[in-house]
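Biologist: I'm new to this one. Could you walk me through it?

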Amino acid sequence: MILQKLKGTWIPLVAIGFGLLAGAIIMLLFGYNPIQGYIALWNGAFENPYFTGETIRLMTPYILSGLAVAFAFRSGLLNIGVEGQVFVGWLAAVWVGTAFSLPAFIHLPLAILAAAVAGGLWGFVPGYLKAKYQVHEVIITIMMNYIALYSTNAIIRNVLTDQGERTDYIAESASLKSAWLTELMEFSNIHFGIILAIFSALFYWYFIEKTKYGFELKAVGFNRDASKYAGMSVKRSIIMSMVISGGFAGLAGAMEGLGTFGYMSLQNSFTNIGFDGIAIALLGGNTAIGVILASGLFGVLKNGALNMPTSAGVPHELVDIITALIIFFVAASYMIILFREQIISMYHKLKHKLSNISSKEGK
Amino acid sequence: MDYVIEMLDIRKEFPGIVANNNINLQVKKGEIHALLGENGAGKSTLMNVLFGIYQPERGQIRVQGQDVNITSPNIANDLGIGMVHQHFMLVDTFTVTENIVLGSEPKKGLKVDIAEAEKEVQRISDQYGLKVDPKALVRDISVGMQQRVEILKMLYRKADILILDEPTAVLTPQEIDELISIMKSLVEEGKSIILITHKLNEIMAVADRCTVIRRGEGIGTVNVNETSTNELASMMVGREVSFKTEKQPAAPKDVVLDIKNLVAKDNRDVDMVRGLDLQVKQGEIVGIAGVDGNGQSELVEAITGLRPSEDGEILLNNQSITNMKPRKIYEHGVAHIPQDRHKYGLVLDYSIGENMVLQTYYQPPFTTYGRLNFNEIYNYAERIIEEYDVRTPNSLTMARSLSGGNQQKAIIGREVDRSPDLLIAAQPTRGLDVGAIEFIHKKLIEERDKGRAVLLVSFELDEVMNLSDRIAVIYEGKIVANVEPDETDDQELGLLMAGSQRQKVGEPQ
Amino acid sequence: MKKRNFLVTLFLSFTLILAACGTSDEGNADGDSGEEKNCEPSDDAINVAMVTDVGGVDDKSFNQSAWEGLQAYGEEYCLEEDEHYDYAQSTQDADYEPNLNRLTGQDYELVYGIGYKLTEAIEKVAGQNPDTNYALVDEVASEMDNLTSITFKEHQGSFLVGVAAALKTESNQVGFVGGVDSPLINKFEVGFEAGVKSIDPSIEVDVRYAESFDDAGKGRQIANSMYNSGVDIIYHAAGGAGNGVFSEAKDIKTNDPESYVWVIGVDRDQYDEGTVTVDGTDYNVTFTSMVKRVDIAVQDVAERMMEGDFPGGENIEYGLSDEGVSVADTNEEAYTEEIATAVSEWEQKIIDGELDIPSTHDELEEFLNNL
């Protein structure tokens, strides 16, 4: 068991190493100093409390979108619709945040809840269609992303504002920001969402690993026929899985609406929070702790990368290639597994030869 | 030496287990050499060592008298070793020829010369009497033909030593006969065959010699014409095996399962069960005999709620369970050993412990207030593992890594332990070795003796004859005859299964 | 085995290609590759930097224009890129604030925020860093001593291209494609319509918004329906979405070189966007462009700060009089001398203050009533 667990963490770590190496080679080829480049990357993410705060702020929605994808994945569904669920969650949170004036202990939870419900509703549609009519969830969720993008824009322009570019600021009582935290992190945009995200990860872990519902979802994910045979309701599991997945995604939207921005503006295109969530879930092996770590990696890379052009002179196009390479290597850990087999067989050959030699010497 | 393959003193370890130890396998040129062992005995591991998938910790491999070091399947191929796996590795949408040349395509410039390849495939097919159409799409041909395509693939690559891994498991009786004649013509042409199997009668029918493995240890090699099935069985299992199951006469009591005029459709919306009537009483085993595809699966699925009943009624202890949800039906006291243990019986990626509560996980003590109680679950699982002799390192082991026999024992343990009123056993011994079969048969009879109603569905006539107290013959979705096993024979059953009326039996045809 | 060799070969060829690209790139790299300069950085020059919006520094629009302004400033005072002047690119809205903070932390004395989307971010950062000066382009920020706002009298330029369009149209129908319906883009729309109607109130102006600054498909769709309904000149103020207007016009031209379709570009001189070659003959669908000289404005603010005259708390509006906006005359064939003369007459009137150009819908109404 311990061996297996070690193997699990070993692979992504080596993969990050490979990614950094490949990035370094590319920087060298283009005549930039990779050490300076990586120092800039590190500094960009952690140089002072401000940037550390920004890194944490960036990883917050990633944790939730990663959990969303992972949750659906555990029951054998590919939720490509996290992107759209983020949008509706964001909008719902901001709507509640701007429309009411309530004491904070009601307002904030209400806004968060609204985001989760909106995201869950957005996940319910593909879940229901999948369970009831076997429509493939990937197609529906992709479509739902566009519906979300354009309808949130339309609502912002026509309902929440009068042809405005963005909504009003949410009321103080619905904000996840706190003066104390902002002070601590030297005016960074960090907010209490990170705590919510970590609690969500805990909830994810408990739900999936410890409850009968999680048992059912995983069984359905592994083997639908056997689950049906065993008397589980496959349809209910599929719908529940998509709803909860959408709920996580909606919370990711709330992080943007109630934390980072405090409003929602017209979106020209997708935020990529949801699409990056797919990569994060895969990197994290669909486990709670894995998703947190992978979100951390994304946060560091994305935030640190902004610093590479200004502080090490590496052009931002190259920075994109380097960060993509690191993610690519981590994602492609099957290549590492390939190498592992190779290493093991080389090891055995060596051992074989050594034992041959020693046995001959023995004679 | 005239051995084409020699594997001497092979040892292969996996973390925690020794899969092969002290095994010697020597194959002569032009012989069919059987490799016999129970499920999980280490046959596949040994062949994977020979085929270069695993590296042995100790031992020597010689091919045609030369010491070799086989580190990958490619090297094995180069040495003329070809393997036909139990699960075929064919691309459905490609033609036979395309599948055969895949990976070693004959080239004409940059283009694949498919016409040339077709000719070559046809030639080899004719030479060995394989009767394969080189242009047919793989998805359109029968399982038996697909297997011959796999064999052709090896021959096309000039393999001299063919490893066949449980080749008959997927075949019909006629296809088995064909395969046997193909194997014979292959060795006549100078090929050597290693036949992995646990079916004793096949060994007696085709093999020249037989090497037996038991729990990873090499037991020895015998000449087939100097041995008997009994001797082979006891070598394999390590004790005397009885082929005839001992049982007392049945003492049937109240009716447990009462099916009236049942109609059920298959996935293509075709009626497969067409007005079927059947009764099973406490304390009896009713065997359903029939050729595959006469509605057996649909019948079982309709009883267990996995498939809707279109018409008719299913009563359990005089209460209707027609079209209830599977979970409700289980709660009413039905247990079901499914015919496909991988598809239905187990979640292979769950631990064996988790699989033991697959239907009951939501009930106390396994779940309290929505939270799973893993201590209870694993304690319970350990007990079943112990009682039903499931050989697994522990209850945390993934179901996937257990051998077929042990997986099946685990399922039977799980189903029987629920103390059901009705136990449905569909193909309970499919693909298992004699030791496991014996064990399972004993358990089913024990259940009968405890007063449970047992419904047995099997395509193996021997099994139905052996176990049943009453045989119901199914033909085109109806029970066409109820016979006592003592009053019938294979021949009569065979005719009934083919649709003849009972009274006509014995009359000149 | 074979597979692995293949991978290695692939990787090697990949790196070779990259290396080749690398060297060719270095050939025309500017400034930072150790190129010798024959001048000394001027002592009183200040260090300046800018943060782009999500369009990026090569958007062929105001981000690019602003960066050209910084480069011109750098050249003028013999400064080093990356050391004395630099830019930070934003890939999403959430990047603006960290980017502004980052450049502030790197001791730049003046940091520009390019585009109205940076308003909130720059106000916040300016409030937290009183020792650094900031300038916001395209939007009026709240008053702070260390923050200046740079805006343009786009309505003036738009008025002039409206005049030109009115003189050019044959169908008496012209079109306007805006990015997102907002006060800023309304200035373009209103100025244009006022210009058109000043020449001939009977000319119809078809106004539509793409609701996006980067959806070229949407822009193209709108252009298609406008041209089909008889519009022969479209003025776009839609950034990337406007590229769709160009492609539609070029398409029509390709199918029928005789067709009478024109596009009026925006922000930069978009003459190059309009070239189309049919059967060996070159055509250009860009009639003219409403040029917004962000580069001049950016350089101007930097120089004012150098001179100790940073216009903190002010909103500097660049208009026709200080060349902040102008009308491009690159397409001499289409933009005839006759039109040029008329336009410059109107231009003089505006500069002289004889004519106030409306910048909102309300002002437009009043303007039209007074015609």
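Predicted model: local features only at pLDDT ≥ 70, side-chain atom pairs only at ≥ 80, totals over all residues.

Biologist: Then what share of the accessible surface of chain A belongs to carbon and sulfur atoms?
Modeller: Start from the total, which is about 15600 Å² for chain A. The part of that surface that belongs to carbon and sulfur atoms is 70%.

Biologist: And how many helices and strands does chain A have?
Modeller: Chain A has 363 residues, and 56% of them count as buried. Of its contacts with a separation of 6 or more, 77% are between residues 24 or more positions apart. As for secondary structure, the tally for chain A is 16 helices and zero strands.

Biologist: Let's pick a residue. Is V291(A) buried or exposed?
Modeller: You'll find V291(A) in helix α13, residues 288-305 of chain A. Buried means under 20% relative accessible area. V291(A) has a relative accessible area of 0%, so it is buried.

Biologist: Which residues is V291(A) in contact with, leaving aside its neighbours within four places in sequence?
Modeller: D162(A) is a handy reference: it sits 129 residues from V291(A) in sequence and 40 Å away in space, C-alpha to C-alpha. Contact means heavy atoms within 4.5 Å. With those sequence neighbours left aside, the partners of V291(A) are I63(A), G66(A), L67(A), A70(A), I280(A), A281(A) and G284(A).

Biologist: What about charge: which residues gather in a patch of positive charge on the surface?
Modeller: Take K228(A), one of the members, which is found in helix α10, residues 224-229 of chain A. To join a patch, a residue needs over 30% relative accessible area. K228(A) is at 40% and so counts as partly exposed. The patch brings together K132(A), K228(A), K235(A) and K325(B).

Biologist: Over to chain B. Which residues does a cis peptide bond join?
Modeller: Look at the loop between α12 (352-355) and β19 (367-368) of chain B, where P365(B) has its place. Omega is about 5 degrees for this bond. The cis peptide bond joins P364(B) and P365(B).

Biologist: N22(B) is not a glycine, so what is its positive phi?
Modeller: N22(B) is in strand β2, residues 17-28 of chain B. With a relative accessible area of 39%, N22(B) is partly exposed. Its phi is positive, at about 60 degrees.

Biologist: And where does N317(B) lie?
Modeller: N317(B) isn't a glycine either, yet its phi is positive, at about 50 degrees. Its relative accessible area is 35%, which means partly exposed. N317(B) lies in the loop of chain B between β16 (311-316) and β17 (319-320).

Definitions and conventions:
Residues numbered from 1 in each chain as written. Chains lettered and ligands numbered in written order. Heavy atoms only, no water. Patch = residues over 30% accessible without salt bridge, like charges linked within 9 Å, V, L, I, M, F, W, Y side chains within 5 Å. Areas by Shrake-Rupley, 256 points an atom, 1.4 Å probe, with all protein chains shown as cover. Salt bridge = Lys/Arg side-chain N within 4 Å of Asp/Glu carboxyl O. Lys, Arg positive; Asp, Glu negative; His and termini not counted. Charge placed at Lys NZ, Arg CZ, Asp CG, Glu CD. Helix = DSSP H or I, 4+ residues; strand = E, 2+ residues; numbered from the N terminus. Buried < 20%, exposed > 50% of the residue type's maximum accessible area, 1.4 Å probe, protein only.
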